[in-house]
Amino acid sequence: MDNSKFKGLLGAGGARPNQFRVILGFPAYVNVPNKEYALLVTGAAVPASNVNPTLLQYRGREVKLAGERIFDPFTITIVNDTEFSLRRPFEAWMDGMNNLTDNTGYITPRDYQTDMTVEHLDRNDGVLQTYKLASAFPINMSEIALQYGQNDVIEEYTVTFQYQHYTTTKGRANPTPA
């Protein structure tokens, strides 16, 4: 294959892993004061899924058939600001699902689950592909390491979500600027 065919297959230069936006949804009981919070999400991934095989035995042989589709947990990386503007809402969200003081919380899924969106962007911020994660909720929020020797580093932590499934929509890229 020659280079021109290869470059042609990449379209407008190929998709870049650093061009994305995560639009978080929060339940109604969580107060999110900063509407620009998506800028603090500095790492994510296109969500993964698997089809588990269903195994049958037939005359001493294993027959594999398509089974259930499983959607892997989704993890984002967040830069922590001095206001803890995303950490506090995630703590409130998780506390709402299971309050540690009296072991109560919201039990109706629509009260603590919400949709999230991951947009894969081109270099001009046009949306190449949209992934909508249905009925997401956090299942893990990582620690923030504190160390005396870390003076030139901004804190980061991860939040992992479980969700029911995702749907995809092909985006419309912005036209090339003139």
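A pocket here is an open set of points on a 1 Å grid over the protein atoms alone, where a 1.4 Å probe fits, with protein on both sides within 12 Å along at least five of seven lines; lining residues have an atom within 4 Å of a point. What you have is a predicted model, in which local features need pLDDT of at least 70 and side-chain atom pairs count only at pLDDT 80 or more, while totals for chains, interfaces and linings use all residues. Residues are numbered from 1 along each chain as its sequence is written, and side-chain values use heavy atoms, with hydrogens and water left out.

I will begin with the second largest pocket. Its lining consists of I144, A145, L146, Q147, Q150, V153, I154, E155 and E156. Sorted by class, that is 5 nonpolar, 2 polar and 2 charged residues. The space inside is about 180 Å³, a volume being the space filled by probe spheres set on the grid points, which are joined across faces, edges and corners.

Next, the core. A nonpolar core is a set of buried Ala, Val, Leu, Ile, Met, Phe, Trp, Tyr and Cys residues joined through side-chain atoms within 4.5 Å, and buried means under 20% relative accessible area with a 1.4 Å probe, protein chains only. The largest one has 29 residues, with L24, F26, I76, I78, L86, F90 and F161 making the most contacts inside it. Two or more residues come from each of strand 5 (74–79), helix 2 (87–97), strand 6 (114–121), strand 7 (127–141) and strand 8 (156–162). Strand 7 gives the most, 5 residues. Helices (H or I, at least four residues) and strands (E, at least two) are DSSP runs, numbered from the N terminus.

Take I78 as one member. Beyond four places in sequence, I78 has contacts, meaning heavy atoms within 4.5 Å, with L40, V41, L86, F90, E155, E156, Y157 and V159.

Now strand 7 and its partners. Two strands pair if DSSP finds at least two bridges between them. Strand 7 runs antiparallel to strand 6 over 7 bridges, to strand 9 (residues 165–170) over 6 bridges, and to strand 8 over 4 bridges. In the hairpin of strands 6 and 7, 5 residues lie between the strands, and D125 has a positive phi near 70 degrees.

Which residue stands opposite T130? That is E119. T130 counts as buried because its relative accessibility is 17%. Leaving out residues up to four places away in sequence, T130 touches T117, V118, E119, T167, T168 and T169. Elsewhere, Q129 has K170 of strand 9 as bridge partner, and N140 stands opposite T160 in strand 8.

Methods
Nonpolar A, V, L, I, M, F, W, Y, C, P; charged D, E, K, R; others polar. Buried < 20%, exposed > 50% of the residue type's maximum accessible area, 1.4 Å probe, protein only.
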